[in-house]
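Please prepare a careful report on the two-chain model shown here, giving the cut-off behind each term where it is used.

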Amino acid sequence: MAERQPETSNGMSAEEYERLVLLAAKRRRGEACDELEDWLCADPAAAEMVEALDDAAQELDRQLEATAPSAEHRASQRAALLAEVERRRRVHYLRWAGALVAAASLVLAVTLFWRPAVVGRATVRALGDAGQSREYDVRAGQTVIADAGTKIQINLGGGQEIELQPEASVLAYDHRMVVLHGTVDGRSGLVGMRIDFADWSLELGLSTEFTLGLSDEGCRLWTDREARLMHGSTERVLKGGETTTLDLGEQTEQ
Amino acid sequence: MTAAELFDRHYDKVHAFLRGLSGSATVADDLVQEAFLRVLTLRVPEGRMQERYLLRVAYTCWIRYLKTRRPTVSLEDIPTPAVDLCPHEALERAEDATALRRCLARMSAEHRAILLLVSCMDYTFVEASEILGVPRTTLVSRHRRALQWLRDNLKPATA
């Protein structure tokens, strides 16, 4: 596409003006320029323009020469620049080093003091009575609330899976909500799980298998290993491989 | 390219450009440092492009400087060159030079930059347009306007 060439006020096109300026610069550099001389003879307006241009250029040249830095000044400027570059480089490295130390400290602090480690996630799948299912990603420390009568499978991520038995619906004791509290150790894949029902709470290790059942006698609880059952401020240790019957009604009345 | 190499290769041009823009060696010193430091944090092109790139960064520094500070030009700092003329002629010349100097000092930063690059530092319009970031045709017409402005403003003083 052709470039637009606006005309200047005295009828000279932009292209001609550009040519005139370049020829004037050439003459100022001391090069012979017959073309310019002919042009200026033929066009007084151009001659005036070039004269003004030469004056301005010479004045600017004079100013530049008058304020030109000495060799010593140049050297000091160079030294100052290099010193500043070096300083900035050091600050840059120090910032990176500081960030790395801070990150390492954070990782160390988490590793040492965050126990049980609550990093990672587990997947909880809730199966409704009508067969519908829904999956939740549970982050460490999150609480999952499922409706009464829901069967719950917990995939612990390490190839381990816990499925609460159908009897687990008893967790919806008294049609209350079932609350699962999952914590995950990302590195080992272990989850500590707590189930609250009524005013009881049960703490189980990740790989603990357990069954809850409801009968006329109360709530039957079986775990494959030792677990802690808490009721208010009292704590009861459940033996692994044995079924414990809990009279929830009586206990809650106490 | 290291900072020292970059400095050795381009300091004179960049400093002259900034001196011409600001009319002050002190301001040019500060802006040269700023321009070089800024360029060193960027990816600097190689070859002839490098010089234009640096001048463009220097021009940006100058514009930024103008926005943060009022431009000042100390005319007394610029010595008038000694001339071997009769007193009357010398006085006339000095008056003309002073008027021209005042006009150049009052000229807008953009016009001054264009005059400097094209008429003083011998850059072509294409190169100057790259440095200042404006189309070539725009630059030509601005150069024309800068010259016209200069002539208009010199007329009353020299008449």
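## Helix packing within chain A

The crossing of H1(A) and H3(A) is right-handed, a crossing being right-handed if the near helix is turned clockwise from the far one by less than a right angle and left-handed if anticlockwise. The residues in this contact are A:Leu20, A:Val21, A:Ala24 and A:Arg28 on the side of H1(A), and A:Ala46, A:Met49, A:Val50, A:Leu53, A:Asp54 and A:Ala57 on the side of H3(A), where contact requires C-beta atoms, placed from the backbone, to lie within 7 Å. By class they comprise eight nonpolar, no polar and two charged residues; Ala, Val, Leu, Ile, Met, Phe, Trp, Tyr, Cys and Pro count as nonpolar, Asp, Glu, Lys and Arg as charged, and the others, Gly among them, as polar.

Helix H1 of chain A covers residues 14-28 and helix H3 of chain A residues 44-66, and the two pack at an angle of about 50° with their axes 10 Å apart. H1(A) and H3(A) are therefore oblique to each other, given that angles under 35 degrees count as roughly parallel, over 145 as roughly antiparallel, 65 to 115 as roughly perpendicular and the rest as oblique. The axes are lines fitted to C-alpha atoms, for helices over the stretch in contact, and the angles run from 0 to 180 degrees between N-to-C directions. Helices (H or I, at least four residues) and strands (E, at least two) are DSSP runs, numbered from the N terminus.

## Basis and confidence of the model

This is a predicted model, in which local features need pLDDT of at least 70 and side-chain atom pairs count only at pLDDT 80 or more, while totals for chains, interfaces and linings use all residues. Residues are numbered from 1 along each chain as its sequence is written, and chains are lettered from A and ligands numbered from 1 in the order in which they are written.

The predictor gives the complex an ipTM of 0.73 and a pTM of 0.55. Within chain A, the mean is lowest in strand E6 (residues 178-185), at 37, and highest in helix H4 (residues 71-113), at 91; within chain B, it is lowest in H4(B), at 71, and highest in helix H6 (residues 125-132), at 90. In chain A, pLDDT stays under 50 over residues 1-7, for which the model has 10 contacts beyond four places in sequence, and also over residues 156-198, for which it has 111 such contacts. Where pLDDT is low, the predicted coordinates should not be read in detail.

## Chain B

Chain B has seven helices and zero strands. Of its 159 residues, 35% count as buried, meaning that 20 or more other C-beta atoms lie within 10 Å of a residue's own, whereas 12 or fewer make a residue exposed and counts in between make it partly exposed, with C-beta atoms placed from the backbone. Among the contacts in chain B with a separation of 6 or more, 62% join residues 24 or more positions apart.

H6(B) is mostly covered, with six of its eight residues buried, namely B:Phe125, B:Glu127, B:Ala128, B:Ser129, B:Ile131 and B:Leu132. After H6(B) comes B:Gly133, whose phi is positive, near 70°. B:Asp122, in the loop between H5 and H6 of chain B, has a positive phi of about 60° although it is not a glycine, and B:Asp122 is partly exposed, with 14 other C-beta atoms within 10 Å.

## The contact between the chains

The contact takes 38 residues from chain B and 33 residues from chain A. On the side of chain B that touches chain A, the elements giving two or more residues are H1 (3-22), H2 (25-40), H4 (87-106), H5 (109-120) and H7 (136-158) of chain B, and the residues of that side divide into 24 nonpolar, eight polar and six charged.

The axes of H3(A) and H5(B) come within 10 Å and cross at roughly 95°, and the two helices are therefore roughly perpendicular to each other. Their contact is made by A:Leu53, A:Ala56, A:Ala57, A:Leu60 and A:Asp61 of H3(A) together with B:Leu115, B:Leu116, B:Ser119 and B:Cys120 of H5(B), a set with seven nonpolar, one polar and one charged residue. A:Glu18, in helix H1 of chain A, counts as buried with 22 C-beta neighbours inside 10 Å; leaving aside its neighbours within four places in sequence, A:Glu18 is in contact with B:Phe125 and B:Val140.

Note on methods
Two residues are in contact if their C-beta atoms, placed from the backbone, lie within 7 Å. pLDDT is the predictor's confidence in each residue, from 0 to 100.
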